[in-house]
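Please read them with the display open beside you.

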Amino acid sequence: MIHLTETLALQSVEEFLTPAELGQLVKIMDSELAATGWKPRRQAELLRAPGLAQEILRSATARALHVLQRALPSVATDARWDYTELTAGQHIPTHVDGIPDPAVAPRRIGRIGVVLEDAGEGGEFYIETTAGPAVWTGTVVGEAEGYAPGTPLTHRMPHLGGHEAVPAWLRGIDSTRWVTPTRPGTALAYGAQVLHGVQTVRAGKLRKFVTDLLDTPARR
């Protein structure tokens with residue numbers, strides 16, 4: 001049974017990747033980008049990580065699962081991993097991933113990101129908390145959908161169209177920002193109903209992997 005608290009949780013996993021794994025992933029992605037010529041066409045566009053990178057990241061998730069489950073006990077596995085990068089002047093504005101189709105498995109409990117390479121300046125991940133009602137839709141789910149009775153749902157902002165446009169319900173809310181910089185190889189997991197974003201990269205390039213955390217395995 002999924003509880004509201006885990007959809008709002010935050011959990012770090014230091015040394016999610018070993019130094020050897022981190023170095024291997026840098027080489028894999030450098031090779032992939034050189035071979036494909038991929039460059040993001042829009043801010044925070046996602047690229048599906050290649051097969052060997054998927055294996056390393058899935059192994060790291062399985063190794064860290066017992067830590068993740070302390071804060072997000074319903075998490076059973078990860079989805080396919082994506083790669084993204086931000087360059088100077090780019091950021092990811094505040095948004096919330098939300099829970100699509102709450103009654104349909106696999107359910108997204110949260111997201112997880114791990115930095116491959118830090119930006120020279122800026123690019124810190126952050127979460128925001130607010131007492132305001134604007135983020136909530138008024139929809140409530142319960143045991144029929146696999147949640148604790150009376151679990152409220154936030155709005156959601158799918159990644160498909162990018163994060164450039166901030167919806168009216170989110171603009172101008174009174175919130176408190178908690179900046180959570182992490183070093184390369186450290187993973188940060190956050191509940192699906194957590195407001196979050198990435199601060200502007202002031203110099204260099206931020207490179208990271210991200211994926212969903214699910215309550216049941218997804219088809220890969």
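1. T129 stands opposite T176 in β11, and Y126 stands opposite V179 in the strand β11 as well. Strand β8, residues 125-129, is joined to β11 by four bridges, and the two run antiparallel. Strands here, like helices, are DSSP runs numbered from the N terminus (E over at least two residues for strands, H or I over at least four residues for helices), and two strands are taken to pair if DSSP finds at least two bridges between them.

2. A word on the basis of these notes: the model is predicted, so that local features need pLDDT of at least 70 and side-chain atom pairs count only at pLDDT 80 or more, while totals for chains, interfaces and linings use all residues. Residues are numbered from 1 along each chain as its sequence is written, and side-chain values use heavy atoms, with hydrogens and water left out.

3. Strand β8 also has four bridges to β13, residues 195-198, again in an antiparallel arrangement, and in β13 the bridge partner of F125 is V198. These strands belong to an open sheet of four strands in the order β5-β13-β8-β11, with antiparallel pairing. The edge strands, each pairing on one side only, are β5 (92-95) and β11 (176-179). Neighbouring strands of this sheet are turned by 20° against each other on average, direction ignored; the axes behind this angle are lines fitted to C-alpha atoms (for helices over the stretch in contact), and angles run from 0 to 180 degrees between N-to-C directions.

4. Is β8 enclosed or open to the outside? Four of its five residues are buried, so β8 is largely enclosed by the rest of the structure. Buried is used here for a relative accessible area under 20%, exposed for one over 50%, and partly exposed for what lies in between (1.4 Å probe, protein chains only).

5. Q199 lies in the loop between β13 and β14 (201-203) and is partly exposed, with a relative accessible area of 22%. Although Q199 and F125 are 74 residues apart in sequence, their C-alpha atoms are 6.4 Å apart in space. Apart from neighbours within four places in sequence, Q199 is in contact (heavy atoms within 4.5 Å) with Q90, H91, G123, E124, Y126, R177 and V179.

6. Helix α2 covers residues 19-36, and its 18 residues, at 1.5 Å a residue, should span 26 Å, which agrees with the 26 Å between its end C-alpha atoms; the expected span is 1.5 Å times one less than the number of residues. The buried residues of α2 include E21, L22, L25, V26, I28, M29 and L33. Among the elements that cover the buried residues of α2 are β2 (47-48), α3 (51-71), β4 (82-87), β6 (108-117) and β15 (205-214). After α2 comes G37, whose phi is positive, near 70°.

7. Q54, in helix α3, deserves a separate entry. Q54 is buried, with a relative accessible area of 10%, and, not counting residues up to four places away in sequence, touches R48, A49, R80 and W81.

8. E15, in the loop between β1 (10-13) and α2, has a positive phi near 55° in a residue other than glycine, and at 66% relative accessibility E15 counts as exposed. D101, in the loop between β5 and β6, has a positive phi of about 45° although D101 is not a glycine, and D101 counts as exposed at 54% relative accessibility. P106 is placed in the loop between β5 and β6, and a cis peptide bond, with omega about 0°, joins A105 and P106.

9. For the chain as a whole, there are three helices and 15 strands, and buried residues make up 51% of the 220 residues. A compact globule of 220 residues would have a radius of gyration near 17 Å, which agrees with the 17 Å of the chain; this radius is taken over C-alpha atoms, and the globule rule is 2.2 Å times the number of residues to the power 0.38. Among contacts between residues at least 6 apart in sequence, 87% join residues at least 24 apart.
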